[in-house]
Amino acid sequence: MLFRSGETRAKQEIGHMPSRPMRVGMVRHLAQPHESDPQVVDALENALAALRESGVEVVDPLEAGIFSVQFNARLWYMRFRHDIESYLADYGDAAPHATLRSILDSGMVHPRYKDNLNSLDAWPHLPAAHPNLNDMDRVRDRFRAVFADLLTRLELDAMVFPTFRFPPVENGGVPTTQAGEIPPIGSNNYYAALTGFPALSVPMGYTQDGLPLGLQMLGLPHTEGRLVQLASVYQRSASARRSPTL
């Protein structure tokens, strides 16, 4: 989904796009067959074909060693209590809860997630005082610099890859592909969150069981309008979305 900070700009830009062909880079490193569900890989190939059929130029593969860089995503998760409580505070008295502890004590949390959420609730540091902040900033700045270079130098409107490498799992369910993991699994959403670059996810198809799969498009800062236009062009060609049934 689009970052809210770009919504107004996106609406203003949609009608003022450059006439050059759209161009995307396919990040194969985020869709390797041995780390992805075959149904996701098949849907991805169909999505790339739809992009090409719509006139979008596809650089495939997009060679980028940055995606081999390991980082501990949990370091960023540790600020969860701060973020959710800030979110709830925006709603004031209308929010059903004001704290993560209140949510945990409500009896409404699935047992599968309690231990993880309790550890996040116990984290004592504010985001600005995170003990690993300097290392986190270095990782963020490195990814930002490489992404900006790739997108600019190759004249890409977006990098594209599966939103998740595995199908969704019922809340509290155990993934059959990676036992022991807590769903959702195979997430490629780290990169937009890590860099702050705008990204959106569009329907990419469905599994044999009718579960939705997504294609993520990530672009440079302040190019939300171009991403919206790219998504629109893709969706008209792909016809990958089904109206939900109740």
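Which residue forms a salt bridge with R140? The partner is D141, and the closest N and O atoms are 2.9 Å apart. A salt bridge here is a side-chain nitrogen of Lys or Arg within 4 Å of a carboxyl oxygen of Asp or Glu. R140 counts as partly exposed at 24% relative accessibility, and D141 is partly exposed too, with a relative accessible area of 38%. For those words, buried means under 20% relative accessible area, exposed means over 50%, and partly exposed lies in between (1.4 Å probe, protein chains only).

Some ground rules before going on. This is a predicted model, where local features need pLDDT of at least 70 and side-chain atom pairs count only at pLDDT 80 or more, while totals for chains, interfaces and linings use all residues. Residues are numbered from 1 along each chain as its sequence is written, and side-chain values use heavy atoms, with hydrogens and water left out.

**Charges**

Searching the whole structure turns up 12 salt bridges. Here are three of them:

| Pair | Closest N to O |
|---|---|
| R52 and D60 | 3.5 Å |
| R140 and D141 | 2.9 Å |

Helices (H or I, at least four residues) and strands (E, at least two) are DSSP runs, numbered from the N terminus. R28 is partly exposed because its relative accessibility is 26%, and D60 is partly exposed because its value is 31%. R52 falls into that class as well, with a relative accessible area of 43%.

Then there's R165, in the loop between β3 (158-162) and α8 (190-195). R165 is buried yet has no salt bridge, and the nearest side chain of opposite charge, E35, sits 4.8 Å away. For charge, Lys and Arg count as positive and Asp and Glu as negative, with His and the chain ends not counted. Leaving aside neighbours within four places in sequence, R165 has contacts (heavy atoms within 4.5 Å) that include L30, E35, D37 and N188.

**Strands**

β1 runs parallel to β2, joined by 3 bridges, and β1 also runs parallel to β3, again through 3 bridges. Strands count as paired if DSSP finds at least two bridges between them. On one side, G25 stands opposite V59 in β2; in β3, V160 is the bridge partner of M26. β1, α2 and β2 make a right-handed β-α-β unit, meaning that, with the strands pointing away from the viewer, the path from the first strand over the helix to the second runs clockwise.

**Nonpolar cores**

A nonpolar core is a set of buried Ala, Val, Leu, Ile, Met, Phe, Trp, Tyr and Cys residues joined through side-chain atoms within 4.5 Å. The largest one has 27 residues, and those touching the most other members include V24, L51, M217 and L230. Two or more residues each come from β1, α2, β3, β4 (199-206), β5 (212-218) and α9 (224-238), with α2 giving the most, 7 residues. Not counting residues up to four places away in sequence, L230 touches M22, V24, L51, V56, A158 and M217. A second, separate core of 20 residues includes F147, L156, L194 and F197.
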